[in-house]
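Here are some notes to read alongside the structure. Please keep the sequence and the model in view while going through the points.

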Amino acid sequence: MIGTVINVGAVVAGSLVGMLLKNRLPEKIKSMVFQAIGLATIFFGVSMALKSNNWMVLILSLVSGAVIGQLLKLDDGMNRAGEWLKSSLRISNKRFTEGLMTSFLLFCMGSMTVLGALEEGLNKNSELLLAKSVMDGFSSIALAAAMGFGVMFSALPMLIYQGSITLFAGSLQDVISEPLINEITATGGVLLIGMGFNILEIKKIPVINLLPALVTAVAFYFLFQAF
């Protein structure tokens with residue numbers, strides 16, 4: 001788990017640097033940084049979405065995920081949890097939840113996360129996650145400068161998600177294939193596009209309600225494989 005621990009530490013450290021910079025940046029520069037983050041988020045989302053090898057898997061995953069998320073009211077629940085956490089920690093940042101979700105999707109939905117965690121779990125090789133740590137550390141500086149504390153707190157779900165793959169790598173190696181990783185990555189990419197729209201205030205999309213799509217993507221992938 002050393003690679004994941006270092007990755008989490010890099011995000012926390014980068015976030016702290018970003019928040020220190022945020023307090024010293026003029027308002028116009030912070031606004032431009034925020035817009036740049038929004039554009040970059042959409043770019044990464046599109047590049048990830050194009051990894052899909054089966055558009056029907058992607059579409060069905062998003063539709064079913066949206067229905068499940070709406071029925072469970074995940075967006076409302078996450079916002080309430082975010083407000084409670086902000087209140088408990090006396091955080092005034094209004095984009096706390098948005099920063100957390102955007103960062104989590106950016107840091108955890110790429111193929112590098114899954115492949116790096118599997119490599120560490122199976123072969124005790126942390127090189128891929130160490131390389132990812134450097135990229136995530138620098139990314140978290142820019143993200144935290146734009147969106148604040150939420151970016152740092154994304155390290156917690158990253159630890160759970162990435163660490164779980166590492167710990168259960170032995171049982172997952174026969175299940176997780178590169179095509180499956182591509183479908184999960186593509187679905188996460190579409191969610192990132194939605195987050196980018198939110199950041200740029202183009203259209204308010206309850207992206208959290210779409211999170212079940214990451215699970216249904218796996219189900220539909222295996223369903224299509226069976227036929």
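1. Angles under 35 degrees count as roughly parallel, over 145 as roughly antiparallel, 65 to 115 as roughly perpendicular, and the rest as oblique. The axes are lines fitted to C-alpha atoms, for helices over the stretch in contact, and the angles run from 0 to 180 degrees between N-to-C directions. Helices here are DSSP runs (H or I, at least four residues), numbered from the N terminus.

2. This is a predicted model, in which local features need pLDDT of at least 70 and side-chain atom pairs count only at pLDDT 80 or more, while totals for chains, interfaces and linings use all residues. Residues are numbered from 1 along each chain as its sequence is written, and side-chain values use heavy atoms, with hydrogens and water left out.

3. How do H5 and H7 pack? Their angle is about 160 degrees, with the axes 11 Å apart, and H5 and H7 are therefore roughly antiparallel to each other. In contact (heavy atoms within 4.5 Å), residues of H5 including Gly 99, Thr 102 and Leu 106 meet residues of H7, among them Asp 136, Ser 140 and Leu 143.

4. Helix H9 covers residues 155–167, and at 1.5 Å a residue its 13 residues should span 18 Å, which agrees with the 17 Å between its end C-alpha atoms; the expected span is 1.5 Å times one less than the number of residues. Buried means under 20% relative accessible area, exposed over 50%, and partly exposed in between, with a 1.4 Å probe and protein chains only. The buried residues of H9 are Ala 155, Met 158, Gln 162, Gly 163, Ile 165 and Thr 166. They cover an arc of only 155 degrees around the axis, which puts them on the same side of H9, the arc being that of the directions from the helix axis to the C-beta atoms. The face turned away from this buried side carries the exposed residues Leu 156, Ile 160 and Leu 167. Among the helices that the buried residues of H9 pack against are H1, H5 and H7.

5. Helix H3 has 18 residues and reaches 25 Å from its first C-alpha to its last, close to the expected 26 Å. Its buried residues include Val 57, Leu 58 and Gly 65, and what covers the buried residues of H3 includes H2, H4, H11 and H12.

6. Lys 73 has a positive phi of about 55 degrees although it is not a glycine; Lys 73 lies in the loop between H3 and H4 and is exposed, at a relative accessible area of 52%.

Technical notes. Helix = DSSP H or I, 4+ residues; strand = E, 2+ residues; numbered from the N terminus.
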